[in-house]
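Here is a short tour of a protein model, written for someone who likes to look at the structure while reading. Please keep the viewer open as you go.

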Amino acid sequence: PHGGPWRSVITIHDLTFLRYPHFLTPESQRYYNRHIKSAVSRADAILVDSNATRSDVLELLRVHPEKVTTVHLAVDERFHPQTEEVVASVCTRLDLARHYLLFVGTFEPRKNIPNLLHAYADLRSRHADTPPLLLVGNPGWHFETTDALLDELDIRDAVTVRSNFPAKDLPALYSGAVALILPSHYEGFGFPVLEAMACGTATIVANRASLPEIAGDATLLCDPAHAESISEAMSRVLFDSELRAALVEKGLQRASQYSWETCCAQTLEVYRRVLG
């Protein structure tokens with residue numbers, strides 16, 4: 001307990017359940033709401049993955065600023081640009097198109113996949129040579145309504161959905177993509193963005209929560225609430241090779257700024273301060 005012989009450090013990855021409660025199942029809402037306030041009050045220190053989440057913690061949970069420390073995460077060394085041969089081999093083995101737009105993440109409401117599909121349908125209606133869209137991740141709640149959109153928008157033949165994707169093939173998946181699109185309404189950090197950047201892939205992210213903070217100027221921002229903004233961003237990256245090359249170069253530099261060594265050192269410092 002707080003103030004007793006034990007010390008407590010907790011990590012809050014995001015506050016989706018408070019900021020956007022309608023993006024969770026009722027069961028998840030009840031679970032998080034039941035535990036968060038007691039956990040926060042007992043903790044001697046709180047770690048967060050981004051300044052965006054830190055702001056949420058200060059605003060929504062009324063925590064003293066000195067108690068909350070931002071420690072950015074990083075990506076594993078296996079995420080780096082893969083050769084054409086490796087990418088081609090993975091695409092052949094997994095029966096994937098050789099040229100595609102990519103989304104990586106859980107298929108759930110806060111990831112904003114319906115607006116991504118509307119944007120993609122709009123892009124295909126204007127550009128017949130738009131490459132296929134590949135959605136990689138595991139289905140969350142409400143995915144059945146998202147899946148139905150593929151037929152409603154008449155894009156099922158152009159969209160590939162893959163669950164339980166082999167983790168070892170993710171670097172090749174990123175490297176083979178024309179661009180990664182992560183138009184989430186909310187992210188506490190956004191691993192796929194850094195993973196894609198580290199693999200030399202251009203990225204498009206929502207101008208919300210942690211995503212602009214993590215990606216910096218190495219990405220193209222879009223408004224996740226408007227499909228036309230997502231569509232326009234995809235069009236720019238697809239058909240402007242100079243822009244795409246610039247995003248790739250900036251992304252590689254940006255991803256290199258994050259390291260697990262720094263993350264561990266900063267985390268250890270918080271634990272030492274609490275124990276001191």
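The notes below cover the model itself, its sheet, a helix pair and its cysteines.

## About the model

This is a predicted model, in which local features need pLDDT of at least 70 and side-chain atom pairs count only at pLDDT 80 or more, while totals for chains, interfaces and linings use all residues. Residues are numbered from 1 along each chain as its sequence is written, and side-chain values use heavy atoms, with hydrogens and water left out.

## The sheet

Let's begin with the strands. Helices (H or I, at least four residues) and strands (E, at least two) are DSSP runs, numbered from the N terminus, and two strands pair if DSSP finds at least two bridges between them. Six strands make an open sheet with parallel pairing, in the order β6-β5-β4-β7-β8-β9. At its edges lie β6 (159-162) and β9 (220-222), each of which pairs on one side only. Direction ignored, neighbouring strands are turned by 25 degrees against each other on average. Helix α10 (residues 227-239) packs on this sheet and touches β4 (100-104), β7, β8 and β9; its direction makes about 160 degrees with that of β9. Here contact means heavy atoms within 4.5 Å, and axes are lines fitted to C-alpha atoms, for helices over the stretch in contact, with angles from 0 to 180 degrees between N-to-C directions.

Four bridges join the parallel strands β4 and β5, with Leu101 partnered by Leu133 of β5. Strand β7 (residues 177-182) likewise pairs with β8 (residues 202-206) in the parallel sense over four bridges, and Ile181 has Ile204 of β8 as its bridge partner.

## A strand covered on both faces

In a regular strand the side chains alternate between the two faces of the sheet. In β5 (residues 133-136), Leu133 and Leu135 on one side and Leu134 and Val136 on the other are all buried (under 20% relative accessible area, with a 1.4 Å probe and protein chains only).

## Two helices side by side

The axes of α5 (residues 113-126) and α6 (residues 143-152) come within 10 Å and cross at roughly 10 degrees. That makes the two helices roughly parallel, a label for angles under 35 degrees. Ile113, Pro114, Leu117 and His118 of α5 meet Thr146, Leu149 and Leu150 of α6.

## The cysteines

How many disulfides are there? The count comes to zero, a disulfide being a pair of cysteine sulfur atoms within 2.5 Å. The sulfur of Cys264 is too far for a bond because its closest cysteine sulfur, in Cys263, is 5.4 Å away. Cys222 is buried, with a relative accessible area of 2%.

Note on methods
Buried means under 20% relative accessible area, exposed over 50%, partly exposed in between (1.4 Å probe, protein chains only). Angles under 35 degrees count as roughly parallel, over 145 as roughly antiparallel, 65 to 115 as roughly perpendicular and the rest as oblique.
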